Each structure stands twice: as C-alpha cells, then as structure tokens.
Amino acid sequence: MIGEEQLLTLQGLYEKMGIKSDIYEYGEMVLEELKPRFDGIDQIAEYNQLKVLGAMQKHRVSAEHFNPSSGYGYDDAGRDTLEKVYASVFHTEAALVRPQIVSGTHALAVALFGILRPGDELLSIGGKPYDTMEEVIGIRNCPGSLKDFGVTYAQAELFSDGSFDYDEIEDLLNEKTKMILIQRSKGYQTRPSFSVNQIGEAIAFIREKKPEAVIMVDNCYGEFVDVIEPSDVGADLVVGSLIKNPGGGLAEAGGYIAGRKDLIRLCSYRLTAPGIGNEVGANLGVLKNFYQGLFLAPVVVASALKGAIFAASLYEKLGFRVVPAADEERNDIIQAIEFGSPEGVIAFCKGIQSAAPVDSYVTPEGGDMPGYEAPVIMAAGAFVQGSSIELSADGPLTEPYAVYFQGGLTWQHAKYGILRSLQEVNDHGVTPPERPDDSYIDPEDYEDPDEDFI
Ligand SMILES: *Cc1c(COP(=O)(O)O)cnc(C)c1O
C-alpha cells in the first residue's frame, strides 16, 4: 500500500524532482497554448507509423530476421531485409543500413568517397556544411580528405533569410560538378533548416541545369519530421545516423544511405571493398534493435518535436532568441537557444544532464571534441553513448553562445528536462542578452535549488 505521505500530486512530485512551483506553473501555461500543435505532430507520427509498418509487412519481416550473424555475414537475410525496409520507407531503389557505419559523418564520407573521383567537384548549395564535414571535404586541411584526393569543393552561400541563392548556384555549377550536397538540418548554425519542399525546389532547379549531378541530402535529424523525405522530392541519396531519428533510440550504432541502386553499390564498395560491396558484413546481433528502433522512430521523433517546441515557447516568452521561433514550422528536431554567455549554455546543459535517467549526478563541462573547432559542452545521460535522439544538449563554447537541444525518447522526459533546464538557468540568474529582465522570473525568489531535492 502506498502511504498517504508518498501519494504526491503531479506538481508535488515535480517539486521533489527539483522543479519549483512557478517554473512548473509557467510550463503548464505555455503547454496549454501548444495543444493544437501537438495534435498536428501526432498526425504526422500516425502517418509515418503506418509508412514504417507497411514497409515491414511488405517485406515480410519475421523473427528469423533478428538472428545474429558472424564472420563474413554471407546471405544475411535479416540485414538484407532491413535494407529493403529502409528503401521502402524512403521510396528508394536500395539502401545500405549497417552497424559498421559508425556515425552520420562516416555515412556521409562513405557516400562522398564512394562516388567522387579525382578531378570531380562537390558543390554545397546551402552554405557551410556540418562541422565534422569540414575535414572530410578538406575545408579544414586534413590528410585523407577529398581535397587530398584531388576532389575540389565549391560552396554557394545562402541569402540572409536562409533561402537558396539560385544565381550563385547556377554560377558555381560547371563541367566538374559531380555531386551536390544539401544539408537539411541547420547543424551548429543559426540558419533555418530546410523543409523537404524547399529541398525539392532546389533539386528541380539543379536537375534542369545539370541533370546528371548526383544530389545527396544530409538527412541527419530530419527523418520523420515530415510525411515526406528528401528522396520523395528527387534526391538521389539520403544519408543519416542511426543514433539519431531513424534508430528510434534503440539502435546502438550505425548509419544509413538510401537511394539509387547504382550509387548504393558504389557506396557499398567504399564501405567494404570493391567487388564484395553489400554482400558481406556480419550484423553482430544488432538487428532486432534496428528493426524495433525504426518501428518506434515516428513516435520518438514526435516526442522530440514536442520537446523542441515546448523549449522554444518557454524560452522565447522570456526574451531569449530561439531558432526556430516558437511558432515556426519544424524541419528537424533541433532547437537552438541563444544565451549570449557561457553561463547560460552551461546552466542549460546542467539542467538537461540532471534530468537524465543515466549519469544524472554528473556535471557537464566544455571539452575538445574530434571534428569540432571550439570546445563543446554536451549534456547527455543517454542509454546509448552520444545518442542525440535521446534528450541531449550541446553547444560550442563560442559566440553567440547558443545551445542546441534535441531529442527525448518520451515527451514526458523531454518536458521534465526542459523544465529542469529552465530551473537551472533561472537559479543562475541568467538573463536574455541585450534585453531588460523585467519579464523574467526573479532568481531571488528561490532558495538553494538542491535543498529539498530527493
Ligand atoms: C549529426 C550530424 C552529422 C554527423 O553525424 P555524426 O553521427 O555526429 O557523425 C552530420 N550532419 C548533420 C546535419 C548532423 O546533424
């Protein structure tokens, strides 16, 4: 029997878990306004759930597909069927979905090195790509980069409103241009992320000017945010990480490349070796989690989206700049919040960390990360190391001191984490940059945050 004193109201339990009543009540007020948007997110999840289910049924997924394979992994029906399921979900001819792809960066590198040859040029039409791609491409010198192999690079900047500069793109297209890179999500930048339709327009433009160019979309963080994917609007390849959206929080590693069959073959030759390609690669027992993660992914992405919108609304109303803005359309699961000071970024990350199921007692600190130029602070109490479909936050400790927040396997956890972040930001007296803090909750109203923590 639960004793009377243990029966807490929900608000009482939040309080025990470190959320003071005004933060809680402020959160409830903000949430009330978000209900219609949450309904819209649930509808997208419903559509994508059916899409994934349909793909699994079409390819007759069965328990034997979860069997581990070892060694060369010849005739691995589970692996091959999963790749067919991915191809169906993305409406592509083929896919490569492997635990041997160690990350999104690796998946992108496999595709670039698989397809580009010395003398070719890669054109990014959306400005600077994701940080880790700089060394892959050779924007920052690195032995073994594309540049090192004689592949050149060109970059069309975006207009200040984040739209494509078609004149510049046209100018930059030339006889060497072999591949086009479009990054759907903003990554560590404060430009807006592209919608699938916007990507579709850019693809149509390029097709007209240079039909044979291979168009690849870095789809990281974008999967299942919309009912269509870039491959539905003409991308030749879509690429992403399984410890982000499509892994549904269950995939313990891996990446995918989905697209045209001839290109997937080239990618597989790069991933393993020319000739053997996708016919080898033991699944090492990960397949049940890959299938089940994909099955859960539409709903997990919906949870993460709700968290992003909740955080945007909560902080925007307090005067912080948030990207995307609270009422803006969503094209990925990332929410950027500008604090303007390292204290804000650190307090936010501390809050997210202390809300985690794993390592909640750890205090995150900034540190150097391979592939990133500035020190990065990361908060992640994740079941899978570095998984950013789980509730996580990271921010390079440099101007404009923005924190990038994403994930949440359940909406309830995302909600708690965001409230916890606000409690922490508030307790540290962090105020919005260049704004009077009259609309802000006064930190003096609180005593020591940890005092009555369970
Ligand atoms: C995360 C990410 C990557 C790189 O993925 P990793 O798995 O971290 O290597 C590339 N592009 C974008 C837009 C991303 O968000």
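Nine residue pairs are in polar contact between domain 1 and domain 2, both residues at pLDDT 80 or more; a polar contact is a pair of N or O atoms within 3.5 Å, where within protein one must be able to donate a hydrogen and the other to accept it, and residues adjacent in sequence count only if both atoms are side-chain atoms. The side of domain 1 that touches domain 2 draws at least two residues from each of α2 (21-58), α9 (287-316), β8 (321-323), β9 (335-338), β10 (376-380), β11 (392-396) and β12 (402-406). Helices (H or I, at least four residues) and strands (E, at least two) are DSSP runs, numbered from the N terminus.

This is a predicted model, in which local features need pLDDT of at least 70, side-chain atom pairs count only at pLDDT 80 or more, and totals for chains, interfaces and linings use all residues. Residues are numbered from 1 along each chain as its sequence is written, and side-chain values use heavy atoms, with hydrogens and water left out.

**Domains**
- Domain 1 covers 4-47 + 295-445 and domain 2 covers 67-285, with bounds from an automatic or database domain assignment.
- The centres of the two domains, taken over C-alpha atoms, are 29 Å apart.

**Interface**
- Contact (heavy atoms within 4.5 Å) links 36 residues of domain 1 with 32 residues of domain 2.
- The domains bury about 2800 Å² between them, 63% of it on carbon and sulfur atoms; buried area is the accessible area (1.4 Å probe) that two parts lose on being put together, summed over both.
- Asn331, Tyr372 and Tyr404 supply 21% of the area that domain 1 buries against domain 2, more than any other three residues.
- One salt bridge is found across the interface, the term standing for a side-chain nitrogen of Lys or Arg within 4 Å of a carboxyl oxygen of Asp or Glu.
- Lys186 and Asp332 form a salt bridge through their side chains, at 3.8 Å from N to O.

**Ligand surroundings**
- Residues around the ligand (a heavy atom within 4 Å) include Leu108, Tyr130, Gln183, Asp218 and Cys220.
- Ser103 has a side-chain N or O atom 3.2 Å from an oxygen atom of the ligand.
- For Gly104, a polar backbone atom is 2.7 Å from a ligand oxygen.
- Lys244 places a polar side-chain atom 3.0 Å from an oxygen atom of the ligand.

**Backbone features**
- Val323 and Pro324 are joined by a cis peptide bond with omega of about -5 degrees, and Pro324 is in the loop between β8 and β9.
- The peptide bond from Glu399 to Pro400 is cis, with omega near 0 degrees; Pro400 sits in the loop between β11 and β12.
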